[in-house]
Amino acid sequence: MVGSPYSGQAFRYPLAVPVPETLSLAQARRIALAAQGFDGPRPGAEGTRVDQRHVRRVHQRLDVVQIDSVNVAVRSQEMPLFARLGPHPHDLWERLTRAGQVFESWCHEASLLPIDAWPLLAWRRHPDSDMWPETREVNDRRPEYVQAVLDEVRDAGPLWAGELSDPGHKARVMWERNDGKKALEYLFSTGQVVAWHDSENFTRYYDLTERMIPAEIRALPVPAADDAKRALLDRAGRALGIATDRCLADYHRLNLHRARPLIADLVEDGRLIPIRVRGWKEMTFLHAEARLPRWIRARCLLTPFDSLVWERNRAKVLFGFDYKIEIYVPAPERVHGYYVLPFLLGDRLVARVDAKADRHRRTLKIKAAYGEPGHDQKHVAEHLAAELWLMAGWLGLPKVKIEPKGDLAPVLASAVEAHRA
């Protein structure tokens, strides 16, 4: 293995193979989109019922699907499936988790991972690993209480924090956790319990690990931390197709400084190939299993937490798409809206919409719609209108309403009406 030192701003990756001629950004985009699962038809959009087999195939490609509680349009973890598979049952993630085929973990934030990744995160579940101070604090302060909570999960689980016989004091502010919730999160962080969210209310349930993680998975050898991280970087490379070292490390939230020598190992082993991409100033790596399709014919909306766009600089370089989630920006200062979904058409991000599912009025509202420069607005609007109606049907909303904000809104409103007719 390579042990090249990191110093200053440059890291000397070993060039075990000649660097191929430079790829264009268009080629890099197609590689990235194919790796992320946008290189084929969406079965749900073509009338096929999407089931657990479809989800497992997508999940094996992505490896990590970020969870988020925001439900302005739909739960964020459902959107990557809708983008790649089309309409699907909303409870598939819960069913797969409870069947022991998927597990939740702190990874790229709160995430869903395929069950075979369980041994690769053992180092992160170690009691001495980095975790939020308040999560560790409750075990330092009240170890007997944490043990009592574990015993209660063993006797009465699965359960959620509010079902504990002694949940601790009531939270005084929105984000404050009582000791019961802290104890459950400590047990979750250290792998003594497993958590999942129910698909209806997003309630977080906890149960013993031995009841949720299959015995054959728990019996697998636990790799050394560096070996596990090297495997995670390889998975990240496969999921991204082409990426900088920063993107590779960010995928599973690994420390970049410590990841660079492990990336060098993957270069030496031929799993990552250094390659030049025009317009990309940083060192770039092509995964050994990456494919370059002749074209991409995607059409979908993306959540802000989709792995295609969650690394904002990558989205800017690959797609020329300057993207910022504005949930925490004061309303008067927002540029594009509160919960903005990028629209992928072909191999380009061509528009963005501020979407809201108004369930009371049974309407999918588009509070603002903006086109990206250089794309024909009528063409974009026709495809976007079709996608909005597909999404509205999936959400059980019979109406789509376009509000008059954004340069794309007028033509999109006409396209939505035409599609309705």
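Please keep in mind that the model is predicted. Rolling a probe the size of a water molecule over the atoms shows where empty space is left. Counting cavities of 30 Å³ or more, we find two of them here.

Start with the largest cavity, which holds about 160 Å³ of space. Its lining is made up of 17 residues. To find the middle of it on your screen, look for Gln77, Trp93, Glu94, His197 and Asp198, the lining residues that lie nearest the centre. Two elements each give two or more residues to this lining: helix 4 (92–98) and strand 7 (193–197). Helix 4 gives the most, with four residues. What kinds of residues face this space, by class? The lining of the largest cavity has six nonpolar, five polar and six charged residues.

Now move to the second largest cavity, with a volume of about 30 Å³. Leu62, Val64, Val65 and Gln66 belong to its lining, as do Pro80 and Arg84. By class, the lining of the second largest cavity has six nonpolar residues, along with two polar and two charged ones.

Methods: Residues numbered from 1 in each chain as written. Predicted model: local features only at pLDDT ≥ 70, side-chain atom pairs only at ≥ 80, totals over all residues. Heavy atoms only, no water. 1 Å grid on protein atoms, 1.4 Å probe; cavity = no way out; pocket = protein on both sides within 12 Å on 5 of 7 lines; lining within 4 Å. Points joined across faces, edges and corners; volume = space filled by probe spheres on them. Nonpolar A, V, L, I, M, F, W, Y, C, P; charged D, E, K, R; others polar.
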